[in-house]
Amino acid sequence: MSKVRKVFVAQDDNDYELEVFSLGEDLVRIQIDDCQGLHFIDLDVSTSIAFAKELRKTINYSKPIQD
């Protein structure tokens, strides 16, 4: 198993981080650190895949239409 963490840091005045990493072979953790504290979302692999597909779909709806 790879020991990889991906951290997203806010670029504006808001002080928060979003981190995604594996907790093992069957769990993915999304960790949010903001002004209210540390928050965790733990997902199994199949739910993580479904979430990733839904996120991609939502991103595509949010993108401006280019001619």
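This is a predicted model: local features need pLDDT of at least 70, side-chain atom pairs count only at pLDDT 80 or more; totals for chains, interfaces and linings use all residues.

Mentor: Let's talk about salt bridges and then strands.

Trainee: OK. How many salt bridges are there?
Mentor: The count comes to 2 salt bridges.

Trainee: Which residue does aspartate 42 bridge to?
Mentor: Arginine 29. The closest N and O atoms of that pair are 2.7 Å apart.

Trainee: How does aspartate 42 count in terms of accessibility?
Mentor: Partly exposed. Its relative accessibility is 39%.

Trainee: And what does glutamate 54 meet in a salt bridge?
Mentor: The side chain of lysine 57. N to O is 3.5 Å there.

Trainee: Which element holds glutamate 54 and lysine 57?
Mentor: Both lie in helix H1, residues 45-62. They are 3 residues apart, about one turn of the helix.

Trainee: What about accessibility for that pair?
Mentor: Glutamate 54 has a relative accessible area of 42%, which makes it partly exposed. Lysine 57 is partly exposed too, at 40% relative accessibility.

Trainee: In what sense does S1 pair with strand S2?
Mentor: Antiparallel, over 5 bridges. S2 covers residues 17-22.

Trainee: Which residue is the bridge partner of valine 7 in S2?
Mentor: Glutamate 19. Phenylalanine 8, in turn, stands opposite leucine 18 in S2.

Trainee: What stands opposite leucine 18 in S3?
Mentor: Isoleucine 32. So that you have both sides: leucine 18 faces phenylalanine 8 and isoleucine 32.

Trainee: How many bridges join S2 and S3?
Mentor: S2 and S3 pair over 6 bridges, in the antiparallel sense.

Trainee: How many residues sit between S2 and S3 in the hairpin?
Mentor: There are 4 residues between them.

Trainee: What is the phi of glycine 24 in that turn?
Mentor: Positive, about 150 degrees.

Conventions
Residues are numbered from 1 along each chain as its sequence is written. Side-chain values use heavy atoms; hydrogens and water are left out. A salt bridge is a side-chain nitrogen of Lys or Arg within 4 Å of a carboxyl oxygen of Asp or Glu. Buried means under 20% relative accessible area, exposed over 50%, partly exposed in between (1.4 Å probe, protein chains only). Helices (H or I, at least four residues) and strands (E, at least two) are DSSP runs, numbered from the N terminus. Two strands pair if DSSP finds at least two bridges between them.
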